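Open the model in a viewer and keep the selection panel at hand. The stops below can be taken in order.

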Amino acid sequence: PAAVPVSTSGVTDESGTEVPADATGVITISAAGTYSVSLTCAAPIVVTAAAKSVTLNLTGVTIAAPAGSSAIELQSGVTANIAVSGACSLTGGQGGCGIAVPEGATLNLSGSGSPTATGNGGTDTDTIGGSGIGGTAKAGTNGNILIDGTNGLTVAAYGYGKEASGIGSCVKYGLQYPITIQNVKNLTAQGGYYNADVLKEDGVEGGPGIGGGGKCTFAADSKD
């Protein structure tokens with residue numbers, strides 16, 4: 001009998017064939033289809049516009065992306081159905097998202113697991129930011145986002161830094177496409193500078209838990 005392919009990257013397609021990582025560890029998906037993802041890594045998964053429509057089944061995934069990258073990066077023109085099983089930690093590097101959903105992309109997030117999506121490396125900075133799910137520092141406006149908790153999905157989304165939302169955009173007045181959250185009983189969403197005590201200077205703009213970035217401006221003594 002033919003040998004069953006064994007994945008070393010942690011991403012396989014419907015036939016069990018591995019999607020390889022490049023020399024820097026980046027895993028690029030450029031064809032439509034259904035993919036199984038189970039890995040721990042320090043480089044992003046990028047879904048290119050050529051893929052058009054994909055399903056990613058995430059199980060026990062941990063990604064901590066480097067500066068300038070998101071843990072999972074959807075390019076404009078992609079529709080991604082992401083189903084989560086178990087605990088998954090998705091952390092974007094500085095300026096990146098847990099799941100980047102730029103203008104022109106669509107994310108349908110579902111499953112029975114508990115994804116935690118963190119932007120900007122989990123650090124508030126006054127010059128750059130990243131949403132938990134949605135816009136990055138470079139592509140601030142979010143695309144279409146649907147989160148469906150019918151099967152018990154528990155979601156935590158943390159935006160950090162300048163103009164970053166938990167779920168939504170990462171630019172002032174940036175929300176232009178729908179965010180739909182349905183049947184989710186357990187949801188945590190925090191925008192940049194949620195804890196205003198960390199501020200060292202006045203006038204730094206954070207962001208809302210859900211929605212358009214910016215306009216949450218804190219002074220250093222705002223929580224007194």
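What follows is a list of selections, with a note on what each one shows.

**Before selecting**

This is a predicted model, in which local features need pLDDT of at least 70 and side-chain atom pairs count only at pLDDT 80 or more, while totals for chains, interfaces and linings use all residues. Residues are numbered from 1 along each chain as its sequence is written, and side-chain values use heavy atoms, with hydrogens and water left out.

**Colour by confidence**

Colour the chain by pLDDT, the predictor's confidence in each residue, from 0 to 100. The average is 89, and 86% of the residues score at least 70. Select residues 1-7: pLDDT is below 50 there, and the stretch has five contacts in the model beyond near neighbours in sequence. A contact means heavy atoms within 4.5 Å. Residues 216-224 also have pLDDT below 50, but this stretch has 24 contacts beyond near neighbours in sequence.

Switch to a cartoon. Helices (H or I, at least four residues) and strands (E, at least two) are DSSP runs, numbered from the N terminus. Two strands pair if DSSP finds at least two bridges between them.

Select the strands in the order β2-β5-β8-β11-β15-β19-β23: these seven form an open sheet with parallel pairing. At its edges are β2 (27-29) and β23 (210-213), each of which pairs on one side only. Within the sheet, go to β8 (residues 72-74) and β11 (residues 99-100), which pair in the parallel sense over two bridges. Ile72 has Ile99 in β11 as its bridge partner.

**Val46**

Next, select Val46, in strand β5 (residues 45-47). Is Val46 buried or exposed? Its relative accessibility is 11%, so Val46 counts as buried; buried means under 20% relative accessible area, exposed over 50%, and partly exposed in between (1.4 Å probe, protein chains only). Leaving aside residues up to four places away in sequence, Val46 touches Val26, Ile27, Thr28, Ile29, Glu73 and Gln75. Val46 and Gln75 are 29 residues apart in sequence, yet 7.6 Å apart in space from C-alpha to C-alpha.

Move to β13 (114-118) and β17 (residues 154-158), which run parallel and are joined by three bridges. Ala117 has Ala157 in β17 as its bridge partner. Tyr158 stands opposite Gln190 in β21.

**Two positive phi angles**

Select Asn120, in the loop between β13 (114-118) and β14 (129-130). Asn120 is not a glycine, but has a positive phi of about 55°. Asn120 is buried, with a relative accessible area of 3%.

Then select Glu163, in the loop between β18 (160-161) and β19 (167-172). Glu163 is not a glycine either, and has a positive phi of about 60°. Glu163 is buried, at a relative accessible area of 13%.

**Cysteines**

Finally, show the cysteine side chains. How many disulfides does a search of the whole structure find? The search finds zero, a disulfide being a pair of cysteine sulfur atoms within 2.5 Å. Select Cys170 and Cys97: the sulfur of Cys170 has its closest cysteine sulfur in Cys97, at 6.7 Å, which is too far for a bond. Cys170 counts as buried, at 5% relative accessibility, whereas Cys41 is partly exposed, with a relative accessible area of 22%.
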